[in-house]
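The following note sets out, point by point, what may be read from the model shown below. It treats confidence first, then the contacts between and within chains.

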Amino acid sequence: MLGIMIKDCYESFFIKKNLIGMIISSLCLIAILILMKSIYSMILIVVAFPMIGISILQYSMEQDEISKYDKILLTFPITKEQIVQAKFISTILFTLFVQLCLSLPIVCLFTGVYHVTSVQNSFFIWMLGFILSFIMNSLTSIGFFWLGSKKGTVVYMIFVITFSFAYIILHFAFTVDYLLSLPMYVIIIIGSILAIILNIISYLICVSIYKRKHS
Amino acid sequence: MDNAIEIKNLTKKYKDFILEDISINIPKGTIVGIVGENGAGKSTFINAILGIVQSQYQKLSYFGKDFHQYEKEIKEDLAVIFETSHYDVELTAQWIDRILSHTYRNWNHELYLKYLKQFDIPYHKKLKFFSRGMKMKLEFAIAFSHDAKLLILDEATSGLDPIIRDEILDLIRDFTEDENHTVIMSSHITSDLDKIADYIVYIHQGKCLFMQTYDDMKENYGIIHGNQNLLDTLSHDDIVSYITEPYSVSILIQNRQQIQEIFKDLEISRPTIEEIMLFYAKGVKKQC
């Protein structure tokens with residue numbers, strides 16, 4: 001399983017075109033970070049940044065499709081369940097990395113330097129980004145396993161657009177203060193449970209899709 | 001003799017193709033060539049025994065272990081080389097080393113480096129800069145670096161020049177010097193199998209027509225070029241099939257030695273695997 005994760009990691013960070021793609025999307029978010037110093041941009045960055053966690057799955061699947069890597073992979077001493085598990089773990093680990101190493105410093109910057117909101121509210125927004133990215137991973141993973149890297153990316157974009165619209169609607173319908181006055185602990189606990197359940201369901205669906213593809 | 005693989009009634013059904021009831025035992029320490037025309041089912045057979053595609057079977061065991069139950073354990077002892085390399089061309093031999101050292105329990109880094117040196121394969125260069133021959137040699141370096149007991153080659157020598165092919169045949173011969181090492185090799189280039197195969201399995205239209213030792217095939221089969229009268233003279237039991245040409249008839253016979261004793265002046269040539277394949281695929285079986 002670790003072998004697959006090492007390969008996926010290499011394909012995401014050591015192949016020039018994938019690395020450039022990741023740097024460009026990060027630069028776009030950093031530009032927002034510099035230009036917009038409001039709580040809205042903080043929410044946008046903190047929620048959107050961890051969503052690039054799924055790109056490790058997209059890049060590795062794209063490379064696997066080009067080289068038809070699955071054919072040799074299935075001759076290795078590894079089960080189909082473990083292959084899917086490895087892809088899920090890679091995505092989760094990368095999402096965690098983005099969350100802790102990129103998203104958290106941004107939250108600290110907006111709170112400590114820009115003073116856009118309180119520490120408690122920042123923590124809630126950060127946690128919300130965490131949960132939303134895991135929910136997003138669970139949904140888009142099915143798209144990638146089912147439709148492959150190209151069509152899976154379309155599914156991913158549809159989800160991103162849907163999330164963006166939801167954000168805009170929330171922005172116009174309610175004030176941030178109102179949203180932050182909601183019982184955040186309850187929202188985070190329910191959101192976390194939902195993210196865990198969705199990831200388990202997603203994993204089971206992806207295993208069955210993968211098995212079906214190789215039957 | 002112990003068997004490396006035992007297969008009983010293996011069937012794989014597609015909408016437009018059926019690999020039907022293949023039952024063969026592959027003895028340990030042998031090189032088994034799988035022949036058949038395009039679309040005969042050779043690759044389907046290999047994919048089925050490797051579990052790459054799901055198939056139905058009464059028995060599929062490797063080294064006495066049931067495949068379904070011990071798939072992971074069995075695959076530690078397998079090395080598979082396909083017609084084209086399926087490793088990402090952006091990878092280097094070094095990264096493959098890193099990946100496979102975390103994949104195979106018995107991965108031997110030192111041995112891998114030794115083979116890379118022997119085959120003159122660069123450690124840090126990306127695969128996209130490798131020639132086809134280099135990629136194939138890298139596959140062999142990988143195959144030999146995790147103590148595989150069974151090497152499966154699916155058209156692995158296709159598209160390679162004769163010199164590289166010859167080197168690869170030498171590698172296969174060296175591998176089977178250990179009596180516990182077995183090789184299954186499907187190939188269109190039957191001349192390669194003529195050089196190294198101990199057994200030949202012939203798959204035709206999804207069915208296994210025969211599995212015979214190469215020596216038996218060479219001893220028993222014969223080709224006679226004659227005319228219609230000769231064809232009528234021969235017993236239909238001795239004739240495998242015949243091909244009618246404009247001014248003659250080519251006949252593939254079995255029981256070559258007995259026939260030679262009866263027809264002492266008759267010129268009977270020993271067929272190659274390719275010729276036997278052609279007769280089975282295109283020839284006509286003499287009717288009673």
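**Note on the predicted model**

1. In this predicted model, the lowest mean pLDDT among the elements of chain B, 80, belongs to helix α9 (residues 228-233) of chain B, and the highest, 95, to helix α3 (residues 93-101) of chain B. Here pLDDT is the predictor's confidence in each residue, from 0 to 100, and helices (H or I, at least four residues) and strands (E, at least two) are DSSP runs numbered from the N terminus. Over chain B the average pLDDT is 89, and 99% of the residues score at least 70. The model has an ipTM of 0.85 and a pTM of 0.85. Where pLDDT is low, predicted coordinates should not be read in detail.

2. On conventions, residues are numbered from 1 along each chain as its sequence is written, while chains are lettered from A and ligands numbered from 1 in the order in which they are written. As the model is predicted, local features need pLDDT of at least 70 and side-chain atom pairs count only at pLDDT 80 or more, whereas totals for chains, interfaces and linings use all residues.

3. How many residues does each chain bring to the contact between chain A and chain B? Chain B gives 24 residues and chain A gives 21 residues, two residues being in contact if their C-beta atoms, placed from the backbone, lie within 7 Å. On the side of chain B that touches chain A, two or more residues come from each of α2 (67-76), β6 (78-81) and α3 of chain B.

4. Chain B is divided into domain 1 (3-217) and domain 2 (221-282), with bounds from an automatic or database domain assignment. The centres of these two domains of chain B, taken over C-alpha atoms, are separated by 34 Å. In their contact, 10 residues of domain 1 of chain B meet eight residues of domain 2 of chain B. On the domain 1 side, α7 (190-196) and β9 (199-204) of chain B each supply at least two residues. That side comprises six nonpolar, two polar and two charged residues.

Notes. Ala, Val, Leu, Ile, Met, Phe, Trp, Tyr, Cys and Pro count as nonpolar, Asp, Glu, Lys and Arg as charged, and the others, Gly among them, as polar.
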